[in-house]
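I'm going to look up a few things and jot down what I find.

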Amino acid sequence: MGPSDLEYAVTLDALPTDLQPFAKELPFHLGLTAHPEGGWEDYSALAPFQRLPAYAAERSGPALAPEFQARYLRAHHRGGFFGLLIDRLEDGQVPVRPEWPRLRQALFDQWLQSLTEATGNEALATQALHAAIEDWIDAVATERALRTRRRLSVAQYARLVSQKVSWLGTSAFCLLLAHGDPARLPVFRRAFDLLLLSSQCLDDALDADEDTRLHGIGFPEALGHPPRGLLRTAPGVARLGATLAREGGFHELGTWLAERARTLDESQSGKSSLQAEMSALALVAAVTQLYGGPAVTNP
Amino acid sequence: MFNRLYVAQTDTHITVPFSLTKEQWEDLAEALSNNSYALLRDIKDGVAEDSPGPDASGVLKVGPLELGLLYQWLFNPVDEAQAHNYLHALKKAAKESGVEAVKAVLGVLFNDRRFTGVCWMNYPNPFPIVSLSFEEGLLAQIASFVRDPTLSYLEPYEGGAVCFVDQPHEKDNMCY
């Protein structure tokens with residue numbers, strides 16, 4: 001059992017008793033795992049997604065005390081439980097159940113409470129959750145509009161990805177604001193955005209056919225690029241994220257992103273094409289312009 | 001639905017003391033809100049009208065937007081036969097003559113108004129023909145892609161390996 005699942009056991013205990021039997025199998029009900037006994041770890045396999053506050057806590061001075069790190073990690077996990085719930089409900093991927101409204105409210109309350117405890121500041125926690133939810137609402141509206149408009153620029157895509165799951169970064173962002181150097185937050189968020197974008201390029205490339213079947217259009221088509229081009233964009237975006245993270249002093253995140261880029265390149269070796277590489281060159285260049293970076297070319 | 005949930009939550013349970021420092025609020029706004037951070041992300045791309053066009057000397061800097069246009073011209077072309085011709089020319093230049101020859105082919109392509117639909121006379125610095133300027137390493141990277149034999153197995157286009165112009169179809173001919 002990983003840290004997300006251990007935290008969820010605590011979360012479960014704090015839920016209303018009558019909700020607990022249903023909530024115990026929440027990852028399964030949300031379609032995140034194929035088995036009723038499956039956990040959150042089955043879904044969130046990438047290390048930064050599991051413990052993002054630890055990456056944000058890296059600093060040159062004295063380390064953040066372990067008890068503070070643990071509080072932020074708790075808030076991070078609880079934000080994840082809530083965020084995945086609202087995302088799956090919105091996406092229509094789960095059947096309607098009478099338990100959803102109360103469970104959603106309970107998980108939101110737990111997220112807010114844990115972030116308030118971590119930051120020691122209710123105003124910050126409230127504002128941060130508000131910003132994350134506003135982002136998510138904007139992203140949902142953009143996705144709906146896309147199904148009609150059928151076109152998406154790279155800038156719109158990057159923004160959509162950043163907004164749709166900004167709740168995943170909320171606790172780490174708050175760590176920098178309340179117990180770190182707030183001036184380092186913008187660069188951390190950019191590196192985190194690029195981690196998200198790299199992952200989403202991969203997912204959207206692999207899910208293109210399914211998205212077309214379910215929604216009438218996939219992201220590669222909306223961007224005017226082939227799925228394989230988006231696939232080849234993923235390592236370039238991760239590499240850009242690594243550069244930004246290291247420049248901002250987030251070396252552990254930078255190292256992870258660089259390794260991710262290398263792994264993605266290796267896994268796609270011999271499976272590309274001129275069209276895919278030219279597509280990725282253009283897409284990575286646009287993302288580089290968007291987020292700032294040294295060059296449009298790969299090293 | 002969640003809007004209502006959130007409003008209800010803030011109305012009934014949460015008191016907001018606004019105890020952040022000025023710096024925290026400013027950084028929070030920049031990092032989490034739709035203001036300055038959104039401006040960072042609000043960069044146009046994808047249409048030729050957004051290109052600044054040539055500079056006062058008639059030089060067009062090939063940046064992210066122009067790379068996006070180049071991709072669309074070659075791989076989502078209006079004139080497929082001419083796109084095919086350019087890919088052939090790029091391949092030949094990269095294999096036989098090197099980076100400068102690739103630059104020359106791209107120079108012709110960027111000035112092929114009938115193919116691209118772009119007239120450089122319509123920009124703030126109007127020129128009938130532009131010369132191209134590339135960031136260091138970019139041209140070499142394009143040339144390396146074009147001549148890389150490992151990238152040819154899905155060519156000419158990802159939809160299939162059938163050449164739509166009457167060219168030899170064997171892979172050894174590097175048909176684009």
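This is a predicted model: local features need pLDDT of at least 70, side-chain atom pairs count only at pLDDT 80 or more; totals for chains, interfaces and linings use all residues.

What percentage of the 299 residues in chain A do buried residues make up? I looked it up: buried residues come to 53% of them.

**Entry 1: chain A overall**

I checked the secondary structure of chain A, and it comes to 16 helices and 0 strands. Next I looked at the extent of the C-alpha trace, which spans about 55 × 50 × 30 Å along its principal axes. A compact globule with 299 residues would have one near 19 Å, and chain A has 19 Å, so the two agree. I also looked at contacts in chain A between residues at least 6 apart in sequence: 72% of these join residues at least 24 apart.

**Entry 2: domains**

The domain assignment of chain A gives me domain 1 (1-38 + 62-151) and domain 2 (181-293). How far apart do the C-alpha centres of domain 1 and domain 2 of chain A lie? I get 25 Å. For the contacts, I find 4 residues of domain 1 of chain A touching 4 residues of domain 2 of chain A. On the domain 1 side, those residues divide into 1 nonpolar, no polar and 3 charged.

I followed up on Cys174(A). Leaving out residues up to four places away in sequence, I see that Cys174(A) touches Leu115(A), Ala118(A), Thr119(A), Leu124(A), Ala125(A) and Ala128(A).

I took α16(A) first. Its 18 residues reach 25 Å from first C-alpha to last, close to the 26 Å expected at 1.5 Å a residue. This helix is mostly covered, with 17 of 18 residues buried. Just after α16(A), I spotted Gly292(A) with a positive phi of about 85 degrees.

Then I did the same for α11(A), residues 185-206. At 1.5 Å a residue, its 22 residues should span 32 Å, and I find the end C-alpha atoms 31 Å apart, so that agrees. α11(A) is mostly covered too, since 17 of its 22 residues are buried.

**Entry 3: Met278(A)**

I picked one residue in α16 of chain A, namely Met278(A). Is Met278(A) buried or exposed? It is buried, because 24 other C-beta atoms lie within 10 Å, and the cut-off for buried is 20 or more.

**Entry 4: Gly117(B)**

My last stop was in chain B, where Gly117(B) lies in the loop between α7 (113-116) and β2 (131-134). Why does Gly117(B) count as exposed? Because I find 12 C-beta neighbours inside 10 Å, and 12 or fewer means exposed. Gly117(B) and Trp73(B) are 44 residues apart in sequence, and I get 9.5 Å between their C-alpha atoms in space.

How values were computed:
Residues are numbered from 1 along each chain as its sequence is written. Chains are lettered from A and ligands numbered from 1 in the order in which they are written. Helices (H or I, at least four residues) and strands (E, at least two) are DSSP runs, numbered from the N terminus. Two residues are in contact if their C-beta atoms, placed from the backbone, lie within 7 Å. The expected span of a helix is 1.5 Å times one less than its number of residues. Domain bounds come from an automatic or database domain assignment. Ala, Val, Leu, Ile, Met, Phe, Trp, Tyr, Cys and Pro count as nonpolar, Asp, Glu, Lys and Arg as charged, and the others, Gly among them, as polar. The radius of gyration is taken over C-alpha atoms; the globule rule is 2.2 Å times the number of residues to the power 0.38.
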